[in-house]
Amino acid sequence: MLVKINIKSQLIKKIIKSLLIDPLSLILVIILKFFKVIDFPVPLNSSMRKTTASGNIFTYYNSGIGSYLPIATMAEKYGLNLREDKLNILDFGCGVGRLLLHFNKVYNSNNYYACDIDDTSIDFIKKNYPNVGAYTNNYKPPLKFENSKFHMIYSLSIFSHINIEDQSLWLEELSRVTKPGGYVFLSIEGFKSLKYWLHIELGLDLKDASEKLNKNGYIFSAYKNWESISKQNKNFRNASQLVGVKSPYGIMVMNESFIYKNWNRHNFEVLDVIKGIITTRQDLVILRKKM
């Protein structure tokens with residue numbers, strides 16, 4: 001079933017807002033930095049709004065905390081010394097750095113890398129995080145990194161959007177660039193998201209959505225008009241959520257059984273699926289590459 005939300009009309013509204021709000025937000029950032037209220041890079045408001053959790057500076061910052069802390073905590077639990085060891089860490093699908101901001105600031109001894117299919121986001125990362133090896137990757141694998149490069153990879157809200165075929169391709173690729181014994185932390189939409197609001201976006205009542213998820217293990221619903229929207233010209237790119245998308249992209253919800261059954265492939269071991277730990281909404285899947 002296609003998502004009923006009209007993504008194209010949403011994009012038009014975002015473009016109009018960006019023309020009005022972006023200049024005002026830049027002035028606000030200058031003032032806040034002058035008075036030392038903030039001390040971190042701030043993206044354009046239109047770029048922050050590409051994620052529903054980041055409608056303004058403070059939600060951008062705070063939602064980053066709510067997303068990075070569970071990942072950092074679980075990384076330490078499983079033996080990664082983020083503060084003292086010089087680890088190679090990849091932010092896969094980095095966006096405009098909601099998590100990277102905090103990892104890079106708190107655990108600054110590591111080697112950070114970032115990639116995203118949205119070149120407008122990567123432009124922001126390159127400008128504001130010169131110590132981070134950032135680049136615009138293709139929608140399909142491979143990444144440019146060599147085999148077994150990373151001790152740790154994390155990714156927020158990527159596997160909650162890509163279709164099942166692309167999911168498998170990217171799990172295989174993330175396994176390739178992870179060191180044996182290294183860890184991968186991926187957020188997904190699970191039953192908690194479905195229960196509170198995703199069933200509405202899917203056009204299903206909660207009972208039907210729950211039954212479908214339990215029966216099939218996952219529900220995928222492509223955004224309406226995803227292909228035409230992804231081809232919007234340069235003027236719209238700061239406001240578009242679908243820059244760089246090349247195949248069906250939308251809402252992906254998965255249950256725990258599906259993860260354990262399917263993600264133990266690709267030379268990974270599923271260590272845990274922690275429900276609702278990412279900003280009390282998304283689940284966190286913890287993978288370790290087999291030795």
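Predicted model: local features only at pLDDT ≥ 70, side-chain atom pairs only at ≥ 80, totals over all residues.
The chain comprises 291 residues, of which 54% count as buried. Its secondary structure amounts to 10 helices and nine strands. Among contacts between residues at least 6 apart in sequence, 69% join residues at least 24 apart.

Seven strands form an open sheet with mixed pairing, in the order S3-S2-S1-S4-S5-S9-S8. Strands of a sheet pair through backbone hydrogen bonds, in either a parallel or an antiparallel manner. For S8 and strand S9 (residues 282-289), the pairing is antiparallel and extends over seven bridges. Within this pair, Glu269 has Arg288 of S9 as its bridge partner, and Val270 stands opposite Leu287, also in S9. The two strands S8 and S9 form a hairpin with three residues between them. In the turn of this hairpin, Thr279 adopts a positive phi of about 50°.

Helix H5 (residues 119-128) lies across strand S2 (111-116) and S3, and runs at about 160° to S3. Helix H6 (residues 164-177) packs on the sheet, where it touches strand S1 (88-92), strand S4 (150-155), strand S5 (178-188), S8 and S9. The direction of H6 makes about 140° with that of S5. Buried residues of H5 are Asp119, Thr120, Ser121, Ile122, Phe124 and Ile125. The buried residues of H5 pack against helix H3 (57-77) and helix H4 (98-106), as well as against S2 and S3.

A packed helix pair is described by the angle between the axes and the distance between them. For helix H7 (residues 191-201) and helix H8 (residues 206-216), the angle is about 145° and the axes are 10 Å apart. The crossing of H7 with H8 is right-handed. On the H7 side, the contact is made by Phe191, Leu194, Lys195 and His199; H8 contributes Leu206, Ala209, Ser210 and Leu213. Classified by residue type, the contact of H7 with H8 has five nonpolar, two polar and one charged residues.

One residue of helix H4 was also examined individually. Val106 is located in helix H4 and has a relative accessible area of 30%, so this residue is classed as partly exposed. When residues up to four places away in sequence are not counted, Val106 touches Tyr68 and Arg83. The C-alpha atoms of Val106 and Leu82 are separated by 9.1 Å, with the two residues 24 apart along the chain.

Definitions and conventions: Residues numbered from 1 in each chain as written. Heavy atoms only, no water. Pairing = 2+ DSSP bridges. Helix = DSSP H or I, 4+ residues; strand = E, 2+ residues; numbered from the N terminus. Contact = heavy atoms within 4.5 Å. Axes fitted to C-alpha atoms, helices over the stretch in contact; angles between N-to-C directions. Left-handed = near helix turned anticlockwise from the far one by under 90°. Nonpolar A, V, L, I, M, F, W, Y, C, P; charged D, E, K, R; others polar. Buried < 20%, exposed > 50% of the residue type's maximum accessible area, 1.4 Å probe, protein only.
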